[in-house]
Amino acid sequence: MKTAVSLLILLTSFCTVGGLAFFLYFGAALSQERDTSEIVRAALQMEFGGKNVVLVNGNRDRLLVRSFATLRTHLEQQDWTWENQFGAASFYRKDNQRILASCGMYSRRYMICDLARTNQVKKS
């Protein structure tokens, strides 16, 4: 009986500490985006999978990244060439296409980047 009570107390303590750690880790970010649950799932994939970039809900135009550098590396691996950056917006080019990556801090450890694609870029 004592063992069962001790186990229950230990389990309750673990869940409480885990919940508190989760809240402190994601904190204010939990209500700022329309797809918070998918972003949290992507963040867990990053943390437990050792990834630096994860698609949010499988959407190739919405990424969770650790930094601008990891976004740049990810896009360059797909043959996009970095052009310029203005504040939170970065521009990339491939053939006659262009991507505008608009990024914002989701939490102190993650950025959300939305990619907007355009076609028929004038060659200079």
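**View 1. Glu83 and its two arginine partners in the predicted model.** Glu83 is partly exposed, its relative accessible area being 26% in this predicted model. Arg98 makes a salt bridge with Glu83, in which the closest N and O atoms lie 2.8 Å apart. Because Arg98 belongs to strand 5 (residues 97–105) and Glu83 to strand 3, this pair ties together parts that are 15 residues apart in sequence. The side chain of Glu83 also meets that of Arg93 in a salt bridge, at 2.5 Å from N to O.

**View 2. Helix 2 and the Arg41–Glu38 pair.** Helix 2 comprises 14 residues (residues 36–49), which at 1.5 Å a residue should span 20 Å, and the distance of 19 Å between its end C-alpha atoms agrees with this. Its buried residues are Thr36, Glu38, Ile39, Val40, Ala42, Ala43 and Met46. Within this helix, Arg41 and Glu38 are three residues apart, about one turn, and they form a salt bridge whose closest N and O atoms are 2.8 Å apart. Glu38 counts as buried because its relative accessibility of 19% falls under the 20% limit, whereas Arg41, at 47%, counts as partly exposed. Just after the helix, Gly50 adopts a positive phi of about 70 degrees.

View 3. Most residues other than glycine have a negative phi. With a relative accessible area of 57%, Asn57 is exposed. Although Asn57 and Glu38 are 19 residues apart in sequence, their C-alpha atoms are 5.7 Å apart in space. Asp79 likewise has a positive phi, of about 70 degrees, without being a glycine, and its place is in the loop between helix 3 (68–76) and strand 3 (81–86). Asp79 counts as exposed, at 58% relative accessibility.

**View 4. A salt-bridge network of three residues.** Side chains of opposite charge can pair when their charged atoms come close. Here Glu47, Arg66 and Arg109 are joined in a network of salt bridges. Across the whole structure, a search finds eight salt bridges.

How values were computed. Residues are numbered from 1 along each chain as its sequence is written. This is a predicted model: local features need pLDDT of at least 70, side-chain atom pairs count only at pLDDT 80 or more; totals for chains, interfaces and linings use all residues. Side-chain values use heavy atoms; hydrogens and water are left out. Helices (H or I, at least four residues) and strands (E, at least two) are DSSP runs, numbered from the N terminus. The expected span of a helix is 1.5 Å times one less than its number of residues. Buried means under 20% relative accessible area, exposed over 50%, partly exposed in between (1.4 Å probe, protein chains only). A salt bridge is a side-chain nitrogen of Lys or Arg within 4 Å of a carboxyl oxygen of Asp or Glu.
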